[in-house]
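Please look over the sequence and the model below before reading on. The paragraphs that follow lead from the whole chain to single residues.

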Amino acid sequence: MREIYKVGMADLKVCRAPDGLTTLGLGSCVGVAVRDPVTKVGGLLHVMLPDSRHIKNNLNKCKFADTGIDELVRQVVALGASPERLVAKVAGGAQMFNVQGAPDLVRIGDQNVEACKKRLRELKIPVLSSDTGLNYGRTIVFNPENGELLVRAVGKPEKII
């Protein structure tokens, strides 16, 4: 990859190969990578929460799975991707803490993964692979050229999904 652009928390970036994208510190957050394999246009979204409808002052679309994925698709299409050819990969959504008596609060990672996959299904974007759940954070690097999503985690071997 020529340039690798950093995607912050509750943020997204789009690019065209040979450039790539990365996001750091996915705990309960989810990284959603989409790509058009023909134009090699891709994008990466760092989702924090599953649903914008339950939060007041939700002006940052990228913070939420529902509005963030819509914005991600809008931006990759604006850069030249075809919505009919888009494919996705998903990583993150860990359960970082185990709190007795607050199961829904600590399930935010699972809820984020479910919300992301649901919205991608609604948009008819197939999820080719994922690395989600468990109890550890991840850093990911996305290559729109070949669609590889490199997943790094402390104490774990690197993997490409």
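**From the whole chain to single residues**

Of the 161 residues in the protein chain, 49% are buried, where buried means under 20% relative accessible area, exposed means over 50%, and partly exposed lies in between, with a 1.4 Å probe and protein chains only. This is a predicted model, in which local features need pLDDT of at least 70 and side-chain atom pairs count only at pLDDT 80 or more, while totals for chains, interfaces and linings use all residues. Residues are numbered from 1 along each chain as its sequence is written, and side-chain values use heavy atoms, with hydrogens and water left out.

Taken along the principal axes, the C-alpha atoms of the protein chain fill a box of roughly 50 × 35 × 25 Å. The radius of gyration of the protein chain is 15 Å, which agrees with the value near 15 Å for a compact globule of 161 residues; this radius is taken over C-alpha atoms, and the globule rule is 2.2 Å times the number of residues to the power 0.38. The accessible surface of the chain comes to about 8,200 Å², and 54% of this surface belongs to carbon and sulfur atoms, with areas found by the Shrake-Rupley method with a 1.4 Å probe, where for residues only the protein chains shown count as cover. Among the contacts with a separation of 6 or more, 61% are accounted for by residues 24 or more positions apart, a contact being heavy atoms within 4.5 Å. 

The protein chain has 3 helices and 10 strands, and both kinds of element are DSSP runs numbered from the N terminus, with helices (H or I) of at least four residues and strands (E) of at least two. Read along the sequence, these elements follow the pattern β-β-β-β-β-α-β-α-α-β-β-β-β.

In α1, the residues A65, D66, G68, I69, E71, L72, V73 and V76 are buried. These buried residues pack against the strands β2 (12-16), β4 (30-36) and β5 (41-47), and also against helix α3 (108-122). Just after α1 comes G80, which takes a positive phi of about 125°.

Strand β5, one of the partners of α1, contains H46. Is this residue, H46, buried or exposed? H46 counts as buried because its relative accessible area is 1%. If neighbours within four places in sequence are left aside, H46 is in contact with V7, G8, M9, A10, D11, T23, L24, G25, L26, C29, V30 and C62.

The peptide bond from A17 to P18 is cis, with omega near 20°, and P18 has its place in the loop between β2 and β3 (20-26). In the loop between β4 and β5 is K40, whose phi near 60° is a positive value in a residue other than glycine; K40 is partly exposed, with a relative accessible area of 24%. K124, which is not a glycine either, has a positive phi of about 60° and lies in the loop between α3 and β7 (127-132). At 70% relative accessibility, K124 counts as exposed.

The last part of the walk follows residues towards the end of the chain. Y136 lies in the loop between β7 and β8 (138-142), and its relative accessibility of 14% is the reason why it counts as buried. Y136 and L26 are 110 residues apart along the chain, and their C-alpha atoms are separated by 8.7 Å. Not counting residues up to four places away in sequence, Y136 touches L26, A94, M96, D131, A153, K156 and K159.

One of these partners of Y136, K159, lies in strand β10 and is partly exposed at 34% relative accessibility. With residues up to four places away in sequence again left out, K159 touches D131, Y136, L149, L150 and V151. P157, in turn, lies in the loop between β9 (149-152) and β10 (159-160), and at 65% relative accessibility P157 counts as exposed.
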